[in-house]
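Subject: Handing over the structure

Dear colleague,

I am passing this structure on to you, together with some notes on what came out of a careful look through it. Please open the sequence and the model side by side before you read further.

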Amino acid sequence: MVYSILKKYGIRGGSLDQHFLVNEPILDSIAEAADLQIDDIVLEIGGGIGNLTERLVARAGRVIVIERDPRLVAVLQDRFHEISNIEIIEGDATKVELPAFNKVVANLPYSISSPITFRLLNHGFEKGILMYQYEFARRMVEVPGSKNYGRLSVDTQYFADVRLLRKISPSAFTPAPKVWSAVVEVVPRPSVFEVKDEQLFFRVVEAAFGQRRKKMKNALTKFNPPLADREAILRLIPEDFLGKRAEQLFPEDFATISNIIYEVRDN
Ligand code: SAM
């Protein structure tokens with residue numbers, strides 16, 4: 001069926017991250033993981049030919065799909081023209097105004113993984129079941145000490161509890177991508193530690209992992225714009241943190257450092 005749809009609408013796939021998930025048990029498991037109820041409003045990013053959408057409209061109260069490719073918007077409109085609980089928005093999910101929703105379920109276009117994830121996290125929702133490239137998913141969920149632990153892990157875990165649910169083979173898609181994928185559960189919650197200035201916290205994390213082989217003491221010299229009161233700040237940061245590399249620090253340790261910078265600057 002996939003091939004006949006693609007042929008009918010003149011779509012070859014591949015561009016715009018168009019790899020359609022065709023493995024039925026995996027499609028079912030993604031919809032099931034979202035635990036959809038009749039009062040849920042689900043956002044799907046990149047509806048494609050509607051294989052996942054079909055499962056979402058059957059389970060949720062309402063489904064809103066954002067799809068960038070007008071040819072796929074036409075496929076979705078044809079496929080769901082008799083379905084009343086769906087709204088299809090043509091546009092770029094990183095730019096269009098996001099509608100109100102409480103769950104997000106998507107086999108994401110991998111080229112927008114980072115901007116769309118943080119856009120969604122800043123918007124807020126109850127639960128997300130999202131497919132990413134496997135390496136990206138690993139970086140989201142990792143903890144200090146792992147080689148995949150980095151800026152993406154700290155920034156993501158600041159906003160949400162994240163869990164890698166399953167690794168997916170390229171053969172589950174048509175056309176098959178070159179990379180493996182993974183399904184991640186994202187459950188936003190208030191930060192579990194105090195951050196006095198969010199933007200400052202993210203900049204500390206960026207500076208620290210920008211110099212990930214260096215000890216924090218040296219990594220902070222690359223802070224942009226430079227820290228005016230660097231010596232005073234370094235005196236207040238626990239010695240234990242200054243002697244470690246970014247990959248050894250927990251997210252709350254970066255909060256401690258950014259809160260010290262905030263206090264020194266403010267006085
Ligand atoms: N949901 C379908 C599935 O599971 O088979 C398709 C997933 S495919 C990996 C990604 C989809 O996102 C494609 O349909 C592509 O056209 C669409 N897309 C790519 N970039 C987009 C963007 N910036 N905003 C919205 N949709 C986008």
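How many salt bridges does a search of the whole structure find? The search finds 22 salt bridges, and please keep in mind throughout that this is a predicted model. One of these salt bridges joins the side chains of Arg59 and Glu32, with a distance of 3.7 Å from N to O. Since Arg59 belongs to helix α3 (residues 51-59) and Glu32 to helix α2 (residues 24-33), the pair ties together parts that are 27 residues apart in sequence.

The next topic is the ligand. The space that the ligand takes is the largest pocket, and 22 residues surround the ligand there, the closest being Leu21, Gly46, Glu67, Asp92 and Asn107. Sorted by class, this shell is made up of 9 nonpolar, 7 polar and 6 charged residues. Two strands, β1 (20-21) and β3 (62-67), each supply at least two residues of the shell.

A polar side-chain atom of Glu67, one of the closest residues, lies 2.6 Å from an oxygen atom of the ligand. The backbone takes part as well: a backbone N or O atom of Gly47 lies 3.4 Å from a nitrogen atom of the ligand, and a backbone N or O atom of Arg68 lies 3.3 Å from a nitrogen atom of the ligand. Taken alone, the ligand would expose 600 Å², and the protein buries 99% of that area.

With best wishes

Methods
Residues numbered from 1 in each chain as written. Predicted model: local features only at pLDDT ≥ 70, side-chain atom pairs only at ≥ 80, totals over all residues. Heavy atoms only, no water. Near = heavy atom within 4 Å. Polar contact = N/O pair within 3.5 Å; in protein donor to acceptor, adjacent residues only side chain to side chain. Areas by Shrake-Rupley, 256 points an atom, 1.4 Å probe, with all protein chains shown as cover. 1 Å grid on protein atoms, 1.4 Å probe; cavity = no way out; pocket = protein on both sides within 12 Å on 5 of 7 lines; lining within 4 Å. Sits in = over half its atoms within 2 Å of the grid points. Helix = DSSP H or I, 4+ residues; strand = E, 2+ residues; numbered from the N terminus. Nonpolar A, V, L, I, M, F, W, Y, C, P; charged D, E, K, R; others polar. Salt bridge = Lys/Arg side-chain N within 4 Å of Asp/Glu carboxyl O.
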